[in-house]
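Please look at the sequence and the structure first, then read the points below.

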Amino acid sequence: MDVAVFILVVLAFVALSGALVRLVRVPLPVLQIAIGAALAWPAKGLHVEIDPELFLLVFIPPLLFGDAFAAPKRELIELRGPILDLAVGLVFFTIVGFGYALHWLVPSIPLAVAFALAAVLSPTDAVAVSSIVDRNVVPARLMHILEGESLLNDASGLVMFRFAVAAALTGSFSFAAASLSFLYAVAAGILAGIAALFVAAKALQVLGRIGGTPAGAQVLVMVLLPFVAYLIAEHVGASGILAAVTAGLVTGTSGIFRHLSVSARIQAMSLWSTLTFVFNGALFILLGLQLPDIIRRVPPELTSRHWLFEPVLTVLILTLCVIGLRFVWIWIGDMASMIAARLGKRKAEPFGFRVRLAGSVAGVRGAITLAGILSLPLALQDGSPFPARDVVIFLAAGVIICSLVIASLALPRIARGLVEPGEDPGAAEERRARAGAAEAAIAKIESLAIEGGEGEAAEARLAVADSIVAGYRRRIAASDEAEEARAEARESGRLELELRHAGIEAERAAVRAMFRTRQINDHTMRALLSEITLTEALLKSRRDRK
């Protein structure tokens, strides 16, 4: 009962945070962490012990799968060079640079444990990045690089974290063995994601052959997909995170959606949107719930003179160290790409100083860092306590919060003016694609109408075709390059949407009136209202695009 009440309380505050974020004007993750901390701060407040393995299994696969599915695949392929440079090269650079800096700053932390903390801090959080970084103020190229990096560096960071922990436990480290294990974890993780997708496709095919299968059963297969990918990879000792990311990246182009009914596709998209919001919010609230206990147990190694000043200063220095290492690596990569472009006689597209700084500050840490550091063993193989465990947990939590706060405060100011005013290239591409699709539809409809023969049936066919084609021509006019033509089309579309919306409201009122007078039962009312709501959603989508 206590667990059920706890879950309901967390879900209620997730919903509340969605409303409060409009009032307090802070990034949603920061607000949710603050809510969690406020719930746990009183002595009799909410408290929960996080099982890191369970935490990773429940939250990370669906969130990374959703982000990978929504990521722009074309841009990720085009920018694979800088993405891999950050997702792999920067991880190793951060481990070495941050590890030595931490060992120098806090000598009580053994070097192997310092490397472990550096490894678990190296992955950026895809969820936090997408929640904080405003696509309207950050250049599209940089945003795509950040998305791709955050999807891939989790695997490299956590794999190296495991090696560092093993070195701390055994007192030895083999570079050759670590390299082979890393390659195996990556390759097997990718294969596990593809295998899970294959299993899901076969399951949907079987359900389709049975006939009459409820759409909910098909949706459930899609919901289970990231968890299956994660568990398969973890079972064979590979990266479950990379398996979930691979499944999400491949799902959109695999053709698996053709095995879903129309209603199942709509329900799956709606459910994933809801699950993403709920899991995101619950994740950051759970992170906030851990903060009071972590702060109350400030390690004595960090409080030799001042209880508060030294720990805060240490966390701030380490956060700035992470940002600085990231800035240096981005600058090195930018210079290398410029040199390569000149040698290849290609046009160089370097980042400016502010873009490099924005990319450095935007590399925030989040849930994966917390889950990873909490998974540190309690004791060494000889039974003695794991060295500096409480210290590195405190520092990891501090860097997570500090990176989120710095990004929330500094990024809008750094990025202001980086994007030139004007039409978003993505919107222009969508407008051209919409016009091309409409022209293809008009050509097909007109060819079918001409084949209708003669007589009244042919005339009726032509009349229906003209009505449909008129709608497509309005769509083309709305996508016209000429601003005047587009303005006229938008006004015409606005009037059409206004009238259709009025008609929908009248439909809804009439259905409810018939139910009140018992002309129809509640089953019929729900069926009709569902159809009306779907039509209204389509109209809202059209209005938002305009």
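Helices here are DSSP runs of H or I with at least four residues, and strands are runs of E with at least two, numbered from the N terminus. The model is predicted, so local features need pLDDT of at least 70 and side-chain atom pairs count only at pLDDT 80 or more, while totals for chains, interfaces and linings use all residues. Residues are numbered from 1 along each chain as its sequence is written, and side-chain values use heavy atoms, with hydrogens and water left out.

**The whole protein**
- The protein has 20 helices and 0 strands.
- Of its 546 residues, 42% are buried.

**Helix H14 and its partner H16**
- The axes of H14 (residues 353-361) and H16 (residues 389-415) come within 9 Å and cross at roughly 165°; axes are lines fitted to C-alpha atoms, for helices over the stretch in contact, and angles run from 0 to 180 degrees between N-to-C directions.
- H14 and H16 are therefore roughly antiparallel to each other, a term for angles over 145 degrees.
- On the H14 side the contact is made by Arg354, Leu357, Ala358 and Val361, and on the H16 side by Ile406, Ala407, Ala410, Leu411, Arg413, Ile414 and Ala415.
- These residues divide into 9 nonpolar (Ala, Val, Leu, Ile, Met, Phe, Trp, Tyr, Cys and Pro), no polar (the others, Gly among them) and 2 charged (Asp, Glu, Lys and Arg).

- Cys321 is found in H13.
- Cys321 and Gly97 are 224 residues apart along the chain, and their C-alpha atoms are separated by 8.7 Å.
- Not counting residues up to four places away in sequence, Cys321 touches Phe98 and Ala101.
- Leu105 lies in helix H5 (residues 80-105) and counts as partly exposed, at 27% relative accessibility.
- Leu105 touches Thr314, Ile317 and Leu318, not counting residues up to four places away in sequence.
- From C-alpha to C-alpha, Leu105 and Thr314 are 8.0 Å apart in space, and they are 209 residues apart in sequence.

Methods: Angles under 35 degrees count as roughly parallel, over 145 as roughly antiparallel, 65 to 115 as roughly perpendicular and the rest as oblique. Contact means heavy atoms within 4.5 Å. Buried means under 20% relative accessible area, exposed over 50%, partly exposed in between (1.4 Å probe, protein chains only).
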